[in-house]
Amino acid sequence: MPMELTQSRIQKIWLPNDNRPALPRRSCGPQLANSPTVIVMVGLPARGKTYISKKLTRYLNWIGVPTKVFNVGEYRREAVKHYSSYDFFRPDNEEAMKVRRQCAMAALRDVKLYLTEEAGQIAVFDATNTTRERRGMILNFAKENGFKVFFIESVCNDPNVVATNVMEVKLSSPDYRDCNSTDAMEDFMKRINCYQASYQPLDPDDYDRELSLIKVIDVGRRFLVNKVQDHIQSRIVYYLMNIHVQPRTIYLCRHGESEFNLKGRIGGDSGLSNRGKKFAVALNKFVEEQNLKDLKIWTSQLKRTIQTAEALQLPYEQWKALNEIDAGVCEEMTYEEIREQHPEEFALRDQDKYYYRYPSGESYQDLVQRLEPVIMELERQENVLVICHQAVMRCLLAYFLDKSADEMPYLKCPLHTVLKLTPVAYGCRVESISLNIEAVNTHRDRPEEAKKGPNPLMRRNSVTPLASPEPTKKPRINSLEEHVAVSPALPGCVPQEVPTQMPGQNMNNSQKPS
């Protein structure tokens with residue numbers, strides 16, 4: 001007999017009505033039918049492994065695949081509070097080698113916990129993993145626990161790129177706090193040499209031909225892909241082949257104030273108000289002042305964004321994917337009218353704004369999936385101005401700032417304000433620029449009832465310098481400092497304890513990577 005179905009009130013999807021307990025909602029994106037995956041980074045220091053790890057994790061979390069980075073360097077800094085010099089990484093330093101192996105094992109234990117008990121789907125094991133012995137240990141660990149493994153090796157032999165990476169990222173590491181840059185640079189280059197002697201690159205043509213992997217060569221100049229196993233691995237490959245590290249700026253803004261904004265109506269396809277037209281003129285002046293080379297301008301296919309772009313007197317491209325969230329039966333209504341005519345829908349949306357789907361319309365979850373091609377193309381481009389809508393801008397901003405699904409629908413994106421996004425080492429610097437044209441406030445704060453629910457920060461999966469503050473973490477590994485043969489400290493350095501928690505970051509400030 002066909003099974004009776006009941007429609008979910010919030011997501012508007014059909015579920016079996018057989019009184020079975022509901023399965024926990026693991027994520028807001030593609031459900032992986034296969035076993036969890038461990039992504040294993042491979043490569044010498046200063047080859048961009050942590051950059052790739054954090055950027056990939058941000059993307060996977062944004063599309064709804066719970067992902068977390070496990071950086072073995074952080075475990076090492078917790079175990080050995082005072083870094084002395086590159087001697088710690090010498091292959092003949094047996095005591096240090098024991099500590100480094102214990103740190104790797106501690107990270108793998110946390111990987112197992114995350115994938116088996118904390119609803120994680122992908123764990124990124126961020127370390128050098130430069131020897132076949134270490135990679136073999138990880139493969140055995142994955143086999144014992146039923147995890148898939150996908151290797152990402154970053155190869156770069158350009159000394160200028162390596163030196164730039166060391167200067168921009170590594171010298172601000174906690175290892176070199178209070179060290180002068182000359183001594184720190186010298187020490188780090190010697191650290192690289194310690195790994196170089198025993199480095200065994202992945203060999204997809206022979207020794208590693210059965211492994212699933214991608215080699216990223218010279219910061220994306222070439223790629224070598226081997227034995228992709230499933231859909232999620234193919235998405236990872238596609239993403240890595242689209243990102244680049246060239247300096248660029250992304251500008252996000254909403255259209256000028258519309259006639260429907262003035263009336264408090266959502267959706268629709270109304271034109272600009274008089275103040276909205278003034279904003280379009282001000283935006284034109286702002287763009288001219290930026291003096292950007294080869295600026296791309298993107299709009300939605302709705303009248304108000306196109307009118308805004310027309311004032312710039314520059315070529316622009318219309319994207320249907322950038323259209324505002326579809327409010328379905330609530331299109332062109334005010335919130336008061338929705339409350340009166342659809343009281344249950346009004347209350348349901350306040351309960352879970354990210355998952356809530358308007359009848360015959362969309363949810364924020366739907367919008368993220370619709371915007372994925374836009375994100376891919378943004379990653380490929382250099383300077384871009386995106387003129388879009390409130391919900392769309394929230395989704396794009398959540399990607400660049402690594403905001404959770406709980407935070408996304410409440411990000412503030414006011415009219416007549418440009419957000420200037422500048423990608424930096426491990427995140428994105430944001431500058432909010434008001435063009436000083438008055439406009440209505442269309443932002444609705446999270447209702448008090450919704451604030452009483454579970455703390456959204458407890459459900460975060462990724463940890464990046466731009467993430468919101470995490471709960472206090474338990475020590476991941478006991479201090480092993482007393483067992484290590486300590487070398488003299490670097491000249492010009494004052495050893496200090498390294499904090500075990502990454503500080504938070506608000507959207508208007510940047511933070512040096514660690």
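Predicted model: local features only at pLDDT ≥ 70, side-chain atom pairs only at ≥ 80, totals over all residues.
**Exercise 1.** Determine how the rings of Y399 and F400 are arranged, and whether each residue is buried or exposed.

*Solution.* A pair of aromatic rings is described by the distance of the centres and the angle of the planes. For Y399 and F400, the centres lie 4.9 Å apart and the planes stand at 80 degrees. Since planes over 60 degrees apart count as edge-to-face, the pair formed by Y399 and F400 is assigned to that class. Turning to accessibility, buried means under 20% relative accessible area; Y399 therefore counts as buried at 0%, and F400 counts as buried at 4%. The pair belongs to a count of 14 aromatic pairs.

**Exercise 2.** Identify which residues ring pairs link into a cluster, and find which ring lies under the charged end of K353 and which under that of R444.

*Solution.* Begin with the cluster, in which ring pairs join Y83, F88, F89, Y176, F188 and Y195. Next, take the charges: the charged end of K353 sits over the ring of Y410, at 4.8 Å from its centre, while the charged end of R444 sits over the ring of Y335, at 4.5 Å from its centre.

**Exercise 3.** Locate V245 in the chain and classify its accessibility, then name the patch residues.

*Solution.* V245 is found in the loop that runs between α7 (231-240) and β9 (250-254). Its relative accessibility is 45%, which means that V245 counts as partly exposed. Together with V161 and V219, V245 makes a nonpolar surface patch of about 210 Å².

Notes: Residues numbered from 1 in each chain as written. Heavy atoms only, no water. Patch = residues over 30% accessible without salt bridge, like charges linked within 9 Å, V, L, I, M, F, W, Y side chains within 5 Å. Areas by Shrake-Rupley, 256 points an atom, 1.4 Å probe, with all protein chains shown as cover. Salt bridge = Lys/Arg side-chain N within 4 Å of Asp/Glu carboxyl O. Helix = DSSP H or I, 4+ residues; strand = E, 2+ residues; numbered from the N terminus. Buried < 20%, exposed > 50% of the residue type's maximum accessible area, 1.4 Å probe, protein only. Phe/Tyr/Trp six-rings, centres within 6.5 Å; stacked < 30°, edge-to-face > 60°. Lys NZ or Arg CZ within 6 Å of the ring centre and 35° of its normal.
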